[in-house]
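Work through the exercises below with the model open. Each task is followed by a solution in steps.

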Amino acid sequence: KYPESFVECFIAEQNMVGVASGLACRGKLAFCSTFSAFLIRAADQIRIAGISANNLKMVGSHSGCNIGEDGPSQMALEDFAFFRTLPKGIVLVPSDGVSAEKAVEIAANYNDGPAFIRTSRPEVPILFPNDEPFELGKCNSTLIQPN
């Protein structure tokens, strides 16, 4: 619906993070997204964004070791450790579609530094009701019970 709102950086992750970081510096709400394993390629740019408390938003997909047919070269294991080192940075790891939507909202409204949303590839069941409240720094325990 809004193609002018997207910038395609292809396989240039450092450039993608630089573009998103620059947009954030100019007051724009910019999310950048790629596989978590490839987002680490931009470690220097991400680190500088953290040091400067840049309002950078990142989404890394295909994280963890359960991504199936994509194989080990696509698996991100070190991403979690790296993103936890960013000054004033937050790491959000949603467990289903409801919590993923809330993670995007939390990241969008977090203005004190970089935000990283770590997603996985496999299809997962819905665990939370749509009206479940999520807060930064708190664990949720209300789960939809499977039949």
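## Exercises on a predicted model

Leu23 is part of helix H1, residues 13-25. The model is predicted.

**Exercise 1.** Find the partner of Glu13 in a salt bridge, and state what the pair ties together.

Step 1. The partner is Arg41, with the closest N and O atoms 3.2 Å apart. Step 2. Glu13 lies in helix H1, and Arg41 in the loop between helix H2 (36-39) and helix H3 (43-51), so the pair ties together parts 28 residues apart in sequence. Step 3. Glu13 counts as buried at 3% relative accessibility. Arg41, at 44%, counts as partly exposed.

**Exercise 2.** Describe the salt bridge between Arg47 and Asp44.

Step 1. The N to O distance is 3.9 Å. The cut-off is 4 Å, so the pair qualifies. Step 2. Both residues lie in helix H3, three residues apart, about one turn of the helix. Step 3. Arg47 is partly exposed at 43%. Asp44 is partly exposed at 48%.

**Exercise 3.** Locate Arg118 and Asp79, and decide whether each is buried or exposed.

Step 1. Their side chains form a salt bridge, 2.8 Å from N to O. Step 2. Arg118 sits in strand S4 (residues 115-118) and Asp79 in helix H4 (residues 79-83), 39 residues apart. Step 3. Arg118 is buried at 14% relative accessible area. Asp79 is buried at 0%.

Note on methods:
Residues numbered from 1 in each chain as written. Predicted model: local features only at pLDDT ≥ 70, side-chain atom pairs only at ≥ 80, totals over all residues. Heavy atoms only, no water. Helix = DSSP H or I, 4+ residues; strand = E, 2+ residues; numbered from the N terminus. Buried < 20%, exposed > 50% of the residue type's maximum accessible area, 1.4 Å probe, protein only.
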